[in-house]
Amino acid sequence: MSVNWDERYAGEDFAFGTEPNDFLAEHLDKLPKGRTLCLGEGEGRNAVYLAKNGYWPIAVDQSETGLAKARALAEKEDAAIKTFAADLAEYTHGINCWDGAISIFCHLPKAARQHVYEQLHAGLRPRGVFLLEAYRPAQLDAPGKGGPSDAALLPTLAELEAAFEGWSILHGEEVTREVNEGSYHQGESAVVQFIARKPDPKLN
């Protein structure tokens, strides 16, 4: 069953909390300062974190309800973010206009993932960095709580490495770790973690 994200983000509580994702916080230094695209950003916790650390984030999500809460969180934290409502299966990133992009537990059908990967190839500037953490198929057998129940929505490291062939892989790992993010992501979880830098033709 697909999630109605407006329903999930309704109410005062933040479904995945207000603290940044651990993997993002641990590897923040790998993201170049500048315009940062936050894919499937929901209620804004990671975009707000980036803004408070000197980045210029734009949060993209299909849920207007989630983005309204993102703006409210940003105002509360005195952080400057922009938001844009869009379906990632169709959203175009532009050409060479982003310094970085993040995707934190944003799970899409395979065709939509491929579209996002293609858009990142076009949209990130040379030496731009893409950072992702997502549940992987092994999550279906993990004891933790979180992620879709359909393995087709869960990427693997092999998929990501193939999609970003020719990029510098700064970090690529399939791990099981403790996740504690709001009421929907809890416990021992099977994740894929990935960071890649777009090549710069001038340096070749």
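Which elements each supply at least two residues of the lining of the largest cavity? They are helix 5 (110–123) and strand 5, where helices (H or I, at least four residues) and strands (E, at least two) are DSSP runs numbered from the N terminus. This is a predicted model, in which local features need pLDDT of at least 70 and side-chain atom pairs count only at pLDDT 80 or more, while totals for chains, interfaces and linings use all residues. Residues are numbered from 1 along each chain as its sequence is written, and side-chain values use heavy atoms, with hydrogens and water left out.

**Cavity**
- One cavity of 30 Å³ or more is found in a search of the whole structure, a cavity being a set of points on a 1 Å grid over the protein atoms alone where a 1.4 Å probe fits but cannot get out, with lining residues having an atom within 4 Å of a point.
- The largest cavity holds about 100 Å³ of space, the volume being the space filled by probe spheres set on grid points that are joined across faces, edges and corners.
- Its lining includes Leu39, Ser103, Arg113, Tyr117 and Phe130.

**Helix 3**
- Helix 3 (residues 45–52) is largely enclosed by the rest of the structure, because seven of its eight residues are buried (under 20% relative accessible area, with a 1.4 Å probe and protein chains only).
- Those buried residues are Arg45, Asn46, Ala47, Val48, Tyr49, Leu50 and Ala51, and among the elements that cover them are helix 2 (22–26), strand 1 (35–39) and helix 4 (64–76).

**Nonpolar cores**
- In the largest nonpolar core, of 29 residues, Leu24, Leu28, Leu31, Leu50, Ile81, Ile102 and Leu131 touch the most other members; such a core is a set of buried Ala, Val, Leu, Ile, Met, Phe, Trp, Tyr and Cys residues joined through side-chain atoms within 4.5 Å.
- Helix 3 gives the most to this core, with five residues.
- Apart from it lies another core, of 28 residues, including Leu108, Ala112, Ala163 and Phe194.

**Aromatic pairs**
- The structure holds nine aromatic pairs, meaning rings of Phe, Tyr and Trp (its six-membered ring) with centres within 6.5 Å, which count as stacked with planes under 30 degrees apart, edge-to-face over 60 and tilted for the rest.
- Tyr117 and Phe164 form an edge-to-face pair, 5.4 Å centre to centre with 65° between the planes, and this pair ties together parts 47 residues apart in sequence, because Tyr117 lies in helix 5 and Phe164 in the loop between helix 6 (157–163) and strand 6.
- Phe130 and Phe164 have ring centres 5.3 Å apart and planes at 35°, so this pair is tilted.
- Tyr117, Phe130, Phe164, Trp167 and Phe194 form one aromatic cluster.

Conventions: Buried < 20%, exposed > 50% of the residue type's maximum accessible area, 1.4 Å probe, protein only. Contact = heavy atoms within 4.5 Å. 1 Å grid on protein atoms, 1.4 Å probe; cavity = no way out; pocket = protein on both sides within 12 Å on 5 of 7 lines; lining within 4 Å.
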